[in-house]
Amino acid sequence: LSSRKQQWFIALLAVRLLKPAQFDPSFNGPLKKRSCTDIICLFLFLAVILGYIALGILAWLYGDPRHVLYPRNSTGWFCGVGPNKDKPNLFYFDILKCATSVNVMASALNGLQCPTTQVCVNQCPSGFWVVSPMAFGKNPKDVFDQNLCVPSASLTSGETVKGILDKELCPYYYTPTTPVLGRCLPDVTALGKIPPDFANTGGLLPSSINDTVSLLKNGTGDILNGFNAKDVAIRIFEDFASAWPWILLGLVIAMLVSMLFLLLLRFTAPVMVWLLIIGLLAAGAYGIWHCYWEYDQYRLQGAKISDVGFTTNVKIYLQVQETWLAFLIIVSLGEAVILLTLIFLRTRILIAIALIQESSKAIGHMMSALFFPLFTFVLLLICVAYWSATALYLATSGIPVYKVVALNATEPGCTGINATESCDPQSFNSSKYQDCASARCIFITYNEEGLFQRNLFNLQIYNAIAFLWCVNFVIALGQCTLAGAFASYYWAFNKPGDIPMFPVTGSFMRSLRYHVGSLAFGALILTLVQIVRILLEYIDHKTRSAQNACARFILCCMKCCLWCLEKFIKFLNRNAYIMIAIYGKNFCVSAKNAFKLLMRNIIRVVVLDKVTDVLLFFGKLLVVGGVGVLAFFFFSGRIQAPGNSFSSQNLNYYWMPIITVVFGSYLVAQGFFSVYSMCVDTLFLCFLEDLERNDGSIQKPYYMSKNLMKILNKSNKAAK
């Protein structure tokens, strides 16, 4: 009985899945009379957006991005603002202490302080200097530069040079530095010019100073062997400054070529598809001939695999007849599969070609659709900017906490200082710690005692989740808008006369007015899958050192499954948005109808998908390759600019503009071709609906093009 129930259930499921769509006499394209869908998800999405706005306001009120944007000296003042307005750069007394404890830039960007005195300066030092042995008997005023010392240090108070160095009131050496994000970092181009007497201190300096100077002296060989990133960056910037009009011209050419390719597909699609198929068959035929020829040659020589045995040299196996016999069988089977596919699926290939041609016509009638991705791109930029600004303000929303820290913990009087005593860096008096001359008031962390500060981690998670949801919603809005516009083209019986005015704008307004909830629902499902993937990647990263082979295998399988699930959700959402744009149903109903419709025509789906992918791949290859080759000949000097207005001799690295043009051309082609891909998918679903709903009679005429009706041997009956 149980088995019979299962059979009835499977049969019922198959009937429901294969049941075609029914004719609706009132349907003639995207419905104008529709109602709001997925109201619950709409209110949930609006609540999240309002919470996101409130989070941004709170972060703006409590946050202080100056902790990241501006460097801060040892007393807690920011360089470049306030009392240090004329001192925008931060100078480190002993930069090697920062390098040996934590990364300089990473520590500065996270608000951490290096274990050395730091002061705000007007200009970074540009030369070599070190306290010489003869300077210990001189007046400190004649030895040190007051601009590079702690502002509270007095060089005329009777303090000795050694006392000033012990208290780190002034630097005991410096090298040529250059400002990088407001921080004076060593200029690696000048470290190879260290004066011979730079490290000759005569043993009068403390041993730590001698070690530092020696390390700097001996380490310059490795530094000079490194890559001078700053110098290269400046040269690249100069290249962009001189070549940007021609880079922009290359991107414009890429845009025009992309548009021209899409518009000409209505004429060139059949030729390109059949040329690719014939080329594939010809390559297979050549492969069969070559494999047989190699097999016959080695067969006549009597070369057998039994004579070779097992060897790690793979080339040996290419010299026996059995290897080429296996290749011959594999290539022959592949050729047979291609031929059988071509024979049995030729009609579906013709349908795919006809739909591609029809898509080119549709884009030709609504050129504004090609530029709609620019609007989507702007919305995505807004989402990214809001997320990054909110994250920045949240990360700096606490009050800085300062503790008394001994910069030199090896001093006898510094053993009791263990960063437990709070202090104010602006009023800190080091004379209180006479037994520990290196005692300083150093930033430790941000205050986490308030309710807002205690939940910063949770708020950052909320910021990330809301960001992902907003990004997926913006993409869904763009897909639904384009789907509605292209559906209005297909369901126009007399083209182009029946195409509505401003189809893209009308579809966008319908999506915003009625279907924000449904789009948010689909975006939420995708967001949840992406969150699980991110968590899995985080777990994998944190536990990688403790994983064995079994754990790595399980994690790899889980990541692969989630990747496939995300791809499937994107595919399902894309087709659900098309059905929403046409019929105005909620997300679940639209996704179900789209999935059933595709499953009833699964072979057509596969054929159309592959044919479209191949054409768009070669289209991108044409755009990127063509513009890239043109850019290479131009920026390398093989093609001269008209009127000698530009010379490649002025470029430091001519390959940088070429890479920029190639990458930009790919982005341009991707933007245009994404519209075309959406058009193909929309017209395909409309075509399948047309086949199931209509029969060509006067009451139920076909809306498809005459070319499609000719391929399917269908026609509309004329009215008597």
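In this predicted model, the side chains of Asp 540 and Lys 559 meet in a salt bridge, with 2.8 Å from N to O, where a salt bridge is a side-chain nitrogen of Lys or Arg within 4 Å of a carboxyl oxygen of Asp or Glu. Because Asp 540 lies in helix H18 (residues 516-542) and Lys 559 in helix H19 (residues 549-583), the pair ties together parts that are 19 residues apart in sequence; helices here are DSSP runs of H or I with at least four residues, numbered from the N terminus. Asp 540 is buried at a relative accessible area of 7%, while Lys 559, at 23%, is partly exposed; buried means under 20% relative accessible area, exposed over 50%, and partly exposed in between, with a 1.4 Å probe and protein chains only.

| Salt bridge | Closest N to O |
|---|---|
| Arg 574 and Asp 681 | 2.7 Å |
| Arg 693 and Glu 689 | 2.8 Å |

Arg 574 lies in helix H19 and Asp 681 in helix H22 (residues 655-693), so this pair ties together parts that are 107 residues apart in sequence. Arg 574 counts as buried at 17% relative accessibility, whereas Asp 681 is partly exposed at 22%.

Arg 693 and Glu 689 are 4 residues apart in helix H22, and therefore about one helical turn separates them; both are buried. Elsewhere, salt bridges that share partners join Glu 537, Asp 540, Arg 544 and Lys 559 into one network.

Residues are numbered from 1 along each chain as its sequence is written, and side-chain values use heavy atoms, leaving out hydrogens and water. Local features need pLDDT of at least 70 and side-chain atom pairs count only at pLDDT 80 or more, while totals for chains, interfaces and linings use all residues.

Key
Helices (H or I, at least four residues) and strands (E, at least two) are DSSP runs, numbered from the N terminus.
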